[in-house]
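Subject: Structure for you to look at

Hello,

Here is the structure I promised to pass on. Please open it alongside this note.

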Amino acid sequence: MNGMKSMKKHSKGHKCDWSNAFFGTATVGERGQIVIPAEARAELQMQPGEKILIMRHPVHMGLMLFKFEAVREFVEDFQKSLDKIEAEHKEGA
């Protein structure tokens with residue numbers, strides 16, 4: 001486990017605990033490739049050939065990786081929240 005704590009599943013309503021979010025380090029190879037640590041692949045159920053979204057952090061010098069399905073779920077949940085807020089706003093107006 002490279003001395004890092006395992007990432008616990010984040011359930012709705014709980015604060016994100018960054019101390020449990022790290023899996024270790026990777027080295028960028030000559031062709032720009034990195035290896036995602038085995039523990040991360042297992043915990044996040046990443047399979048060979050699976051597409052991931054790679055984003056630049058909007059402020060800091062870094063990258064963020066997401067499974068496509070996780071992004072899809074986030075967007076759907078976010079849209080539901082927006083719809084609920086909009087409906088409540090219309091009722092109160």
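Below is what turned up, from the overall layout down to single residues.

**Overall layout**

First, a caution: this is a predicted model. The protein chain has 2 helices and 2 strands. Along the sequence they come in the order α-β-β-α. The chain holds 93 residues, and 5% of them count as buried. Its accessible surface comes to about 8600 Å². Carbon and sulfur atoms account for 60% of that area. I also looked at contacts between residues at least 6 apart in sequence. Of these, 14% join residues at least 24 apart.

**The hairpin**

Strand E1 covers residues 52–56. Strand E2 covers residues 63–67. A hairpin of 6 residues joins E1 to E2. The two strands pair in the antiparallel sense, over 5 bridges. Ile54 has Leu65 in E2 as its bridge partner.

**Lys67**

This residue deserves a stop. Lys67 sits in strand E2. Is Lys67 buried or exposed? Lys67 is buried, because its relative accessible area is 18% and the cut-off for buried is under 20%. What does Lys67 touch, leaving aside residues up to four places away in sequence? The list is Leu44, Gln45, Met46, Glu50, Lys51 and Ile52. Two of those partners need a closer look.

Take Glu50 to begin with. The side chains of Lys67 and Glu50 meet in a salt bridge, at 3.4 Å from N to O. This pair links distant parts of the chain, with its members 17 residues apart. Lys67 is in E2, while Glu50 is in the loop between helix H1 (38–43) and E1. Glu50 counts as partly exposed, with 32% relative accessibility. Lys67, at 18%, counts as buried. As background, side chains of opposite charge can pair when their charged atoms come close.

Now Gln45. The side chain of Lys67 reaches the backbone oxygen of Gln45 at 3.0 Å. Gln45 lies in the loop between H1 and E1. Its phi is near 55°, a positive value in a residue other than glycine. Gln45 is exposed, with a relative accessible area of 54%. I would look at the backbone there.

**Helix H2**

Helix H2 spans residues 68–92. How many aromatic pairs does a search of the whole structure find? The search finds 1 aromatic pair. The rings belong to Phe74 and Phe78, and their centres are 5.8 Å apart. Their planes meet at 25°, so the pair is stacked. Phe74 and Phe78 are 4 residues apart in H2, and are therefore separated by about one helical turn. Phe74 is exposed, with a relative accessible area of 53%. Phe78 counts as partly exposed, at 46%.

Glu69 forms it with Arg72, and the closest N and O atoms are 3.7 Å apart. Both residues lie in H2, 3 residues apart, which is about one turn of the helix. Glu69 has 42% relative accessibility and counts as partly exposed. Arg72 also falls in the partly exposed class, at 45%.

**Salt bridges in short**

A search of the whole structure finds 2 salt bridges. Lys67 and Glu50 link distant parts of the chain. Glu69 and Arg72 both lie in helix H2.

Best wishes

Terms used: Residues numbered from 1 in each chain as written. Predicted model: local features only at pLDDT ≥ 70, side-chain atom pairs only at ≥ 80, totals over all residues. Heavy atoms only, no water. Buried < 20%, exposed > 50% of the residue type's maximum accessible area, 1.4 Å probe, protein only. Contact = heavy atoms within 4.5 Å. Areas by Shrake-Rupley, 256 points an atom, 1.4 Å probe, with all protein chains shown as cover. Polar contact = N/O pair within 3.5 Å; in protein donor to acceptor, adjacent residues only side chain to side chain. Phe/Tyr/Trp six-rings, centres within 6.5 Å; stacked < 30°, edge-to-face > 60°. Pairing = 2+ DSSP bridges. Salt bridge = Lys/Arg side-chain N within 4 Å of Asp/Glu carboxyl O.
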